[in-house]
Amino acid sequence: MTHTINDVDIAICGAGPAGQALALLLQQQGYAADRIALFDAKTAEQAEQDARSIAISYGSRQILQAAGAWPVKATAIHEIHVSRRGHFGRSLMRAADYAVPELGYVARYGDIIRPLQAAISRSGIRIQRPVSVSNIEEAADHVRLTLIHADTRETSHVSAGIVIQAEGGTFGDQEQRSQRHDYQQTAIIAHVNTDAQIAGRAFERFTEQGPLALLPQEDGYALVWCVRPEQAEHLLALDEQGFKQALQTAFGHRLGNFIKTSARLSYPLGLNAQAHATARTVAIGNAAQTLHPVAGQGLNLGLRDSMVLARALTRHLHNAASSDPASALQAYLAERQPDRKLTIRITDSMARVFASSPDGSISQTLLGLGLGALDMVKPAKRMLAEQMMFGWR
């Protein structure tokens, strides 16, 4: 049997945090740098200028540290205050209760990417950008990628032993996967300032239309406000003063008055997930699961994917008796299943239940009771906090 001499052992489609962290972890654990390749549709400059705010758990900091991509310019979260606006029940999580210096961090996407790209440059791992992957053709002993180079529109081909899909896009532009639900919500994101900021404290407040998160960032807060699409249209059309007033009504005065907001952006929200691998391909991060932003678990779940997949592929690399990567990819799926299922279940339940019952009668009463009980049942609170920080990895 004739075997293809592949250009690379590992091809990673998507050079976001999950893709770059995976490449770095693979190189550290035994794969030769020149046998790993990354492909991305964005230039490095475009990625570094991305100002979206991302929640990083304490466990994700550990993964980025292991990849050689920490410190990240970020604002620490020491406390998370969870409540229902105008109703009984709240829960407060503190880093000190779990023997960690911080529960997590808030960083701009570009600031997360910057140290990853610096580490990639030092490592010798190959990265091609801007290129798009137009076709993936899997054979028995290799995978053939067809690349389109954005600057020249020329086409080239790369053969790889294993291909990892790490570029997922957003819910609104993805193909349907086996587990899909449209929450009929839109996230409005912005940077806002108040006149009574509480350093290091994040807020997750549940409204009749969905969760409203304020995450400490730099001199203010990163806002993620989930509402129904028609309400989002109304909020996006308001001038700054009108938007501040609407936000004040929804959140209350726990942080004083909202005094400034940046330009607002929005995107539709949905669950779109499928754990799947072929003999030589697998998806991770947003390419495998797109979640509702409640509890800020999207990036963190993706980084845990990277860490576990690096471990599975490293075992395959050092197994002299194995030339078929299929068993390694299936082992990865099995190892990731508990964490993926639990994280998806938590975020999906929050998005569905807490935004239902617009009159606030049933679900909001249960929410208030649940939040109050969570503070009293310490083991349950610890399990939730540890899942949000570390997951199953």
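A pocket, in this note, is an open set of points on a 1 Å grid over the protein atoms alone, with protein on both sides within 12 Å along at least five of seven lines. A cavity, on that same grid, is a set of points where a 1.4 Å probe fits but cannot get out, and lining residues have an atom within 4 Å of a point. For volumes, grid points are joined across faces, edges and corners, and the figure is the space filled by probe spheres set on the points.

Before the points, some housekeeping. The model is predicted, so to speak of local features needs pLDDT of at least 70, side-chain atom pairs count only at pLDDT 80 or more, and totals for chains, interfaces and linings use all residues. Residues are numbered from 1 along each chain as its sequence is written, and side-chain values use heavy atoms, with hydrogens and water left out.

1. **The second largest pocket.** About 730 Å³ of space sits in this pocket. Its lining runs to 26 residues, and the closest to its centre are Gln-165, Glu-167, Arg-177, Ala-283 and Ala-287. Strands E9 (131–138) and E18 each put in at least two lining residues, with E9 giving the largest share, four. (Strands, E, are DSSP runs of at least two residues, and helices, H or I, are runs of at least four, numbered from the N terminus.) By class, the lining has ten nonpolar, ten polar and six charged residues. Here Ala, Val, Leu, Ile, Met, Phe, Trp, Tyr, Cys and Pro count as nonpolar, Asp, Glu, Lys and Arg as charged, and the others, Gly among them, as polar.

2. **The cavity.** Searching the whole structure turns up one cavity of 30 Å³ or more, and the largest cavity has a volume of about 50 Å³. Its lining includes Gln-274, His-276, Val-282, Ala-283, Asp-305, Tyr-332 and Arg-340. Strand E18 (281–283) and helix H8 (326–353) each supply at least two of the lining residues, and the largest share, three residues, comes from H8.

3. **Thr-290.** You'll find this residue in strand E19 (residues 289–290). Thr-290 counts as buried because its relative accessibility is 7%; the cut-offs are under 20% relative accessible area for buried, over 50% for exposed, and partly exposed in between (1.4 Å probe, protein chains only). Leaving out residues up to four places away in sequence, Thr-290 touches Phe-171, Gln-174, Arg-177, Gly-270, Leu-271 and Asn-272, where contact means heavy atoms within 4.5 Å. Its side chain has a polar contact of 2.6 Å with the side chain of Gln-174 and another, at 3.2 Å, with the side chain of Asn-286. A polar contact is a pair of N or O atoms within 3.5 Å; within protein, one must be able to donate a hydrogen and the other to accept it, and residues adjacent in sequence count only if both atoms are side-chain atoms. Thr-290 and Ile-344 are 54 residues apart in sequence and 9.1 Å apart in space, C-alpha to C-alpha.

4. **Asp-348.** This one belongs to helix H8. Asp-348 is buried, with a relative accessible area of 12%. Not counting residues up to four places away in sequence, Asp-348 touches Tyr-183 and Leu-271.

5. **Helix H1.** H1 (residues 17–28) has twelve residues and reaches 16 Å from first C-alpha to last, close to the 16 Å expected at 1.5 Å a residue; that expected span is 1.5 Å times one less than the number of residues. Ten of the twelve residues are buried, so H1 is largely enclosed by the rest of the structure. The buried residues pack against elements including strand E1 (8–13), helix H4 (109–123) and helix H7 (298–317). Just after H1, Gly-30 takes a positive phi of about 135°.

6. **Backbone spots to look at.** Most residues other than glycine have a negative phi, and most peptide bonds are trans. The Trp-70 to Pro-71 bond is cis, with omega near 15°, and Pro-71 lies in the loop between H3 and strand E4 (75–77). The Arg-129 to Pro-130 bond is also cis, with omega near 0°; Pro-130 is in the loop between strand E8 (126–128) and E9. Ala-99 has a positive phi near 55° and is exposed, with a relative accessible area of 75%. Glu-218 has a positive phi near 55° and is partly exposed at 40%.
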